[in-house]
Amino acid sequence: MVVFEDVALGFAENEVLRGVSFRLARGETKALFGVAGSGKSLILKLVMGLIRPDAGRILVLGHDISQMREEDLFKLRGKIGMVFQESALFDSLTVRENVAYRLMEEHGIYDEEIDRRVREALRFVELERTLDLDPAELSGGMRRRVAIARAVITQPELLLYDSPTGGLDPVTSNTIIELIVKQRDVNKTSALLVTHRLQDAFTMATHQFDTQTNRMLVLPPGQHCAVPMSFLILRDGKVIFDGDLSALTQSQDEYIREYIS
Amino acid sequence: MELTSPTYFAKVKVQTVQDYILFCVHAVANLFRKPFYFTDMLRQADAIGVGSLPIVVLTGFFTGAVLALQASNTLERFGSLSLVGQLVSASMVRELGPVLTSLMVAGRNSSGMASELGSMMVTEQIDAMRALGTDPMKKLVTPRVVATVFMLFFLAIVSDLVGLAGGGLVAKVLLHLDSRQYWSNAWQTLIFQDVFMGLIKPVLFGFIIATIGCFYGMNARGGTQGVGRATTQAMVASSVLILVLDFFVTRFLMAVLSYR
């Protein structure tokens with residue numbers, strides 16, 4: 001799904017990523033950790049082709065995007081959804097227009113079809129009643145949920161979440177994580193998730209979405225969720241850990257132990 | 001305060017000019033590449049053209065009026081007060097109409113574009129747009145450039161007309177000149193070269209206003225402070241460029257059009 005091969009990226013004299021390599025399999029969800037400024041968000045922007053690496057190779061959905069033209073990247077981005085750090089909803093558009101943006105840009109899709117899919121996406125994030133509101137009228141948590149609806153409306157093959165719970169209270173954060181787990185378990189979408197909150201990733205690894213009750217339920221001890229979930233930790237521009245929950249908790253690395261404690 | 005080396009300073013300036021030229025080329029090239037955003041162009045034309053109309057009318061009217069008033073003082077000494085119409089007409093159509101209109105629109109719209117696009121830049125809305133498969137240059141920049149060029153052309157004509165009307169009012173009410181004589185003089189003094197010069201300038205200035213505003217907006221960095229900086233820079237750069245370009249365009253057209 002996504003392959004990073006020795007990717008390097010820097011700005012001026014500051015080298016942020018120094019030979020980052022990892023692999024995201026189809027259906028897998030990978031949580032990226034690291035201290036502020038370690039380049040987590042940059043990895044998502046590199047996957048989306050919003051910035052280009054200085055060195056190395058990036059394969060996304062089988063395409064080498066390192067040298068791809070912007071025009072070709074636009075087509076590829078149609079298969080990827082991204083939730084930005086501060087939601088990045090368009091201020092001048094309503095919630096409906098924000099969520100429908102990609103469909104409206106595609107042209108040739110009837111208004112009735114757009115309306116149906118927008119309602120479906122907003123129902124997924126339980127915000128159907130905000131259809132005609134402006135983003136400025138929404139709370140921080142609601143904006144994140146609209147951003148998720150905008151990202152999932154075209155049922156992308158890959159989802160990128162950039163600190164989706166950053167700056168939110170614990171209850172709202174939990175709602176957002178529940179939505180991400182719902183998307184993961186119901187639609188089996190591969191995802192890269194950047195977060196500062198370790199507990200969010202642990203919740204994702206230890207819970208599964210139950211379509212019967214429409215809620216996220218905790219898995220019995222020792223049982224893992226059906227969808228592969230892994231963790232990647234960055235330090236000084238390099239990957240120092242890439243593995244699953246049990247490998248993470250059993251790691252003897254001093255930095256990692258301190259990080260997860 | 002940190003000191004910058006002259007070499008670094010020069011490199012940054014050259015780089016900025018180079019980036020601006022590439023930005024302009026990209027904005028113009030998009031006119032020939034699908035998709036075309038006609039609705040956005042119309043929306044921008046409304047915001048720039050109709051929105052700027054009141055200030056353009058006011059500026060044009062009072063500029064024409066004060067021009068007539070100032071000219072009367074000098075012309076009266078030579079016993080040529082009746083030539084007020086000629087002077088107002090030539091000055092407004094060739095120079096003041098296009099330049100003052102452009103400066104007004106630059107103050108209102110170049111800074112507006114820089115702050116709007118700058119805010120979108122720092123809140124990642126531009127990145128979101130690219131992530132959603134839309135080229136921000138096509139969607140945001142090209143419609144603004146087309147709309148500004150198109151609307152400034154007509155705004156300059158409006159400014160010329162109301163400027164002449166302002167001058168006419170002063171000529172009649174304060175200078176007690178015959179209205180018919182004023183308008184007849186104003187009309188007859190204009191030649192093709194005057195009108196051509198007066199109409200080519202707003203097209204060039206409109207391009208400067210929109211591209212400078214969008215360029216600074218799309219390159220805004222560093223949160224709200226960066227947006228503020230981009231807004232000021234756009235306003236200053238577009239105003240200065242209009243005045244500098246005005247001199248060279250006038251000189252060039254006077255040579256090319258074998259001006260009297």
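**Notebook: the A–B contact, then chain A**

I started at the contact between the chains, which takes 14 residues from chain A and 11 residues from chain B. I sorted the chain B side by class: 4 charged, 4 polar and 3 nonpolar residues touch chain A. I keep in mind that this is a predicted model.

**Cores**

Next I looked for the largest nonpolar core. It has 71 residues. A:V47, A:A149 and A:L160 have the most contacts inside it. Helix α5 of chain A, residues 140-152, gives the most to this core, with 7 residues.

I then asked what A:A149 is in contact with, leaving aside neighbours within four places in sequence. I found A:V99, A:A121, A:L122, A:F124, A:V125 and A:L127.

**Helix α1 of chain A**

I turned to α1(A), residues 40-48. This helix is mostly covered, with 8 of its 9 residues buried. I listed the buried ones: A:K40, A:L42, A:I43, A:L44, A:K45, A:L46, A:V47 and A:M48. A:V47 had already come up in the largest nonpolar core. Just after the helix, A:G49 takes a positive phi of about 80 degrees.

I checked what α1(A) lies across. The strands are β1 (2-11), β2 and β4 of chain A. The helix runs at about 115 degrees to β1(A).

**The open sheet**

I traced those strands into an open sheet of 4 strands in chain A, in the order β2-β1-β4-β5, with antiparallel pairing. β2 (14-24) and β5 (63-64) stand at the edges with a single partner strand each, so one side of each has no neighbour in the sheet. I looked at the β5(A) edge. β4(A), residues 55-60, is joined to β5(A) by 2 bridges. There A:L59 stands opposite A:D64.

**Strand β11 of chain A**

Last, I looked up β11(A), residues 229-235. The strand is largely enclosed by the rest of the structure, because 6 of its 7 residues are buried. I followed its pairings. β3(A), residues 29-33, runs parallel to β11(A) and is joined to it by 5 bridges. A:T29 stands opposite A:M229 here. β12(A), residues 238-243, runs antiparallel to β11(A), also with 5 bridges. In that pairing A:L232 stands opposite A:D242.

β11(A) and β12(A) form a hairpin with 2 residues between them. A:D236 in the turn has a positive phi of about 50 degrees.

Note on methods
Residues are numbered from 1 along each chain as its sequence is written. Chains are lettered from A and ligands numbered from 1 in the order in which they are written. This is a predicted model: local features need pLDDT of at least 70, side-chain atom pairs count only at pLDDT 80 or more; totals for chains, interfaces and linings use all residues. A nonpolar core is a set of buried Ala, Val, Leu, Ile, Met, Phe, Trp, Tyr and Cys residues joined through C-beta atoms within 7 Å. A residue is buried if 20 or more other C-beta atoms lie within 10 Å of its own, exposed if 12 or fewer, and partly exposed in between; C-beta atoms are placed from the backbone. Two residues are in contact if their C-beta atoms, placed from the backbone, lie within 7 Å. Ala, Val, Leu, Ile, Met, Phe, Trp, Tyr, Cys and Pro count as nonpolar, Asp, Glu, Lys and Arg as charged, and the others, Gly among them, as polar. Two strands pair if DSSP finds at least two bridges between them. Axes are lines fitted to C-alpha atoms, for helices over the stretch in contact, and angles run from 0 to 180 degrees between N-to-C directions.
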